[in-house]
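Student: I'd like to learn how to read aromatic contacts in a model. Can you walk me through one?

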Amino acid sequence: MKKGLILTGLFVLVAGVVQAQQKKVQPKKEQAVKQEEVMQVLKSGLSSDPRFAWKIKQDEAQRICSQYPSREEMPASAVQKVIQLSQAEIKYPQWGIYMGDWKEGKKLVDSPRGGRYASYGFSDKPTDKGGNCYACHLIEKGVPGGTMGPNLYQYGKRWNITKENLNSPETVEKIKSVYNIVYNSWSAFPCSSMPRFGYHGNLSPEDIANIVAYLLHPESPVNK
């Protein structure tokens, strides 16, 4: 009888200790950050100059992306909606050709202008157009570049674009796919960190066609 009472007492004691420990390790529920608080922080980092105003206004695609910690945690319906919105905004050159002059494209890619959040436009001056592409990508062999984005060296070769098939319908579709990514990266990679060059008007459709040529044309140094 005494042995049974002792065992029961030990069980109650151990159960109480375990319960107490579980209470200790339970994480506190974090309070959600309010939208007003986010906007206050953003505004505090920018000038009150009205020319900055557009940078703190979210479009619908941004609003959707902001609801999730990462693309991997977005439901398929949200991913598809961002792609749909982004594709609808793409504009093409007047002549309808997506691959321009690769030499002109190289100038834009090499230019460090672009991507300046704290300036009025995308670059310091409207005439200083550029993609600042090497900030995130390795592109030409032997030229230093960033690794945040994918390696673009021999990008055209990887798409199997050659002199012989340059004007084939299949190649035109490949060129169009790359054009769409450069114009608005969210049309293929929703909520990506890559700037939406064409969507924001930082580069014209003709500029983007030239960059596409630089990346894909067989004569471009990218594919040597």
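Tutor: Let's go through the ring contacts here. This is a predicted model, where local features need pLDDT of at least 70, side-chain atom pairs count only at pLDDT 80 or more, and totals for chains, interfaces and linings use all residues. Residues are numbered from 1 along each chain as its sequence is written, and side-chain values use heavy atoms, with hydrogens and water left out.

Student: How many aromatic pairs does a search of the whole structure find?

Tutor: Rings of Phe, Tyr and Trp (its six-membered ring) pair if their centres lie within 6.5 Å; planes under 30 degrees apart are stacked, over 60 edge-to-face, and the rest tilted. Searching the whole structure turns up three such pairs. Take Y92 and Y179: their planes meet at 35°, so this pair is tilted, with the centres 5.1 Å apart.

Student: Where do Y92 and Y179 lie?

Tutor: Helices are DSSP runs (H or I, at least four residues), numbered from the N terminus. Y179 is in helix α7 (residues 169-183) and Y92 in the loop between α4 (76-88) and α5 (102-110), so their pair ties together parts 87 residues apart in sequence.

Student: Is Y179 buried or exposed?

Tutor: Buried means under 20% relative accessible area, exposed over 50%, and partly exposed in between (1.4 Å probe, protein chains only). Y179 is buried at 0%, while Y92 is partly exposed at 29%.

Student: Which residue forms a stacked pair with Y179?

Tutor: That's Y183, at 6.0 Å centre to centre and 25° between the planes. Y183 is buried too.

Note on methods:
Helix = DSSP H or I, 4+ residues; strand = E, 2+ residues; numbered from the N terminus.
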